[in-house]
Amino acid sequence: MFFVVLAVALVMLGGLAYDGAQILNAKRTASGLALEAARAGAQAISSESIYQEPGNVSVDPTLAQVAAAEYLGQHKRWSLSVQGDTVSTTVWLTQPLLILSMLGLDSRQVAGSATARAVRSVQTGDDL
């Protein structure tokens, strides 16, 4: 009986290590997707802001939403917010659990968030 309990405990410990690594990998993936979607959204600079004060730009929220949606096409759960020149995104992914599903834990929801800022840069011959 002792060996049966020990074997089950070792399998669950191995499952925790394996499924835990899968959860961390899914979190890294969600963070990477959020970062790239924020970058795509930050490139949607409002054409009106280009002609206003030099050095200041703002992001068009509608264009940023479209750019992020194009990048995150197959992912269904994400959000985007735009404030001036800053785009923030959050992506949620569901990671299925293989070994811990024997304990009734089928999946784990992970989220990744990122922020990108639109910047206008003009290089002159002296800056090169």
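**Close-up views of a predicted model**

**View 1. Asp-85 and its surroundings.** The side chain of Asp-85 makes a polar contact with that of Arg-117 at 2.9 Å; a polar contact is a pair of N or O atoms within 3.5 Å, where, within protein, one must be able to donate a hydrogen and the other to accept it, and residues adjacent in sequence count only if both atoms are side-chain atoms. The model is a predicted one, in which local features need pLDDT of at least 70 and side-chain atom pairs count only at pLDDT 80 or more, while totals for chains, interfaces and linings use all residues. Residues are numbered from 1 along each chain as its sequence is written, and side-chain values use heavy atoms, with hydrogens and water left out. Asp-85 lies in the loop between strand 1 and strand 2. Not counting residues up to four places away in sequence, Asp-85 touches Val-57, Ser-58, Val-59, Ala-116, Arg-117 and Ala-118; contact means heavy atoms within 4.5 Å.

**View 2. The salt bridge of Asp-85 and Arg-117.** The two side chains also meet in a salt bridge, at 2.9 Å from N to O. This term denotes a side-chain nitrogen of Lys or Arg within 4 Å of a carboxyl oxygen of Asp or Glu. The pair links distant parts of the chain, 32 residues apart, with Arg-117 located in strand 3. Is Asp-85 buried or exposed? Asp-85 counts as buried because its relative accessibility is 17%, whereas Arg-117, at 57%, counts as exposed. Buried means under 20% relative accessible area, exposed over 50%, and partly exposed in between (1.4 Å probe, protein chains only). Side chains of opposite charge can pair when their charged atoms come close.

**View 3. A salt bridge within helix 1.** The structure holds 2 salt bridges, one of which joins Arg-39 to Glu-36, with the closest N and O atoms 3.0 Å apart. These residues are 3 residues apart in helix 1, so about one helical turn separates them. Arg-39 is partly exposed, at 42% relative accessible area, and Glu-36 is partly exposed as well, at 29%.

View 4. Strand 1 (residues 78–83) pairs with strand 2 (residues 86–96) in the antiparallel sense, over 6 bridges. Helices (H or I, at least four residues) and strands (E, at least two) are DSSP runs, numbered from the N terminus, and two strands pair if DSSP finds at least two bridges between them. Trp-78 has Val-91 of strand 2 as its bridge partner, and Leu-80 stands opposite Thr-89 in strand 2. The hairpin has 2 residues between the strands, and Gly-84 takes a positive phi near 65° there.

View 5. Strand 2 and strand 3 (residues 107–117) run antiparallel and are joined by 11 bridges; Trp-92 has Ala-111 of strand 3 as its bridge partner. Altogether, 3 strands form an open antiparallel sheet in the order 1-2-3. Strand 1 and strand 3 are the edge strands, each pairing on one side only. Neighbouring strands are turned by 15° against each other on average, direction ignored. Helix 1 (residues 2–42) packs on the sheet and touches strand 2 and strand 3, its direction making about 30° with that of strand 3. Axes are lines fitted to C-alpha atoms, for helices over the stretch in contact, and angles run from 0 to 180 degrees between N-to-C directions.
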